[in-house]
Amino acid sequence: MTRLASGCASGHWGVFSGEQNTRFMFLAEVALGKSKEIRQSDPSLTKAPPGFDSVVARGQKEPDSKQDVKLELDGRKVTVPVGKPVPQPKFKDSHFYQSEYLVYNEHQARLRFLLKNLPPFSLQVNKMIGRSNNNDVIGYAYALTVTVGGAIGYLKAGSLPSLGAGLLFGTALCYGAYQISENPRNYQFSLGTSILLGAFMGARFYNSGKFMPAGLIATLSVLNAGRLGARAMGWLPDSRY
């Protein structure tokens, strides 16, 4: 079996110094041969297992096979997966988010194409959903707002609980934003913190009837939880770019 696969891990684009708004990706023709499937990381795999030529890490999502394109390169038929990633129910318990193909012999892989530039439309989408390069800008802004809100509560009313809650939740949310910036799939901690803070501040808003600051933080928490919930449901893209 021969496939044309992305040359960057998980299909991400590479960025080179001096090319701030330019992205690059290698597409390699890979001869898989007989593949062994795995669903969780196995550091002991330093070569193809006996009787196999490659390893396929089956992910929770794969490109829609109905949209695969067939090419003929140097007289060989090659499958090119170009479809939108779709959930794979039979691999829903996999530790991998998307499938990856591993070959251990360099002679099984051949670089075919170098893709350059990210479409301008995609760059605009990234700005709309709060991505600047790899950073979860919305998450960091939310964390800063929570921290500043706690500080303002202390300065205005001398409330140590407000200061403590602001620092605690602000730090937790900042860590959650960092996790998402490192890997868009690591949204669980930030999602849980947003739900917890939303419930806490929502109760305070209900009891006090004052929108500032409890109502504002509760609203922002609901919005951030909704954003991350949409990602969990697959309604928002998970790629960094």
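Predicted model: local features only at pLDDT ≥ 70, side-chain atom pairs only at ≥ 80, totals over all residues.

**Entry on a strand.** I began with strand β2, residues 24-31, and asked how many of its residues are buried. I found that 6 of the 8 residues are buried, so I noted the strand as mostly covered, taking buried to mean under 20% relative accessible area. I then looked up its pairing with strand β11, residues 109-116, and found that the two run in the antiparallel sense over 7 bridges.

**Entry on a helix.** Next I turned to α3, which has 23 residues and spans 33 Å from its first C-alpha to its last, close to the 33 Å expected at 1.5 Å a residue. I listed its buried residues, among them Phe169, Leu173, Ala177 and Ile180. An α-helix has 3.6 residues a turn, so residues three or four places apart point the same way. I also asked which elements the buried residues of α3 pack against, and they turned out to be β13, α2, α4 and α5.

Last, I looked at the second largest pocket, which holds about 500 Å³ of space. Its lining is made up of 23 residues, and Gly149, Gly153, Met212, Pro213 and Ala214 lie nearest its centre. The elements that each give two or more residues to this lining are α2, α3, α4 and α5, with the largest share, 8 residues, coming from α2. Sorted by class, the lining has 12 nonpolar, 8 polar and 3 charged residues.

Key
Residues numbered from 1 in each chain as written. Heavy atoms only, no water. Buried < 20%, exposed > 50% of the residue type's maximum accessible area, 1.4 Å probe, protein only. Helix = DSSP H or I, 4+ residues; strand = E, 2+ residues; numbered from the N terminus. Pairing = 2+ DSSP bridges. 1 Å grid on protein atoms, 1.4 Å probe; cavity = no way out; pocket = protein on both sides within 12 Å on 5 of 7 lines; lining within 4 Å. Points joined across faces, edges and corners; volume = space filled by probe spheres on them. Nonpolar A, V, L, I, M, F, W, Y, C, P; charged D, E, K, R; others polar. Expected span 1.5 Å × (residues − 1). Contact = heavy atoms within 4.5 Å.
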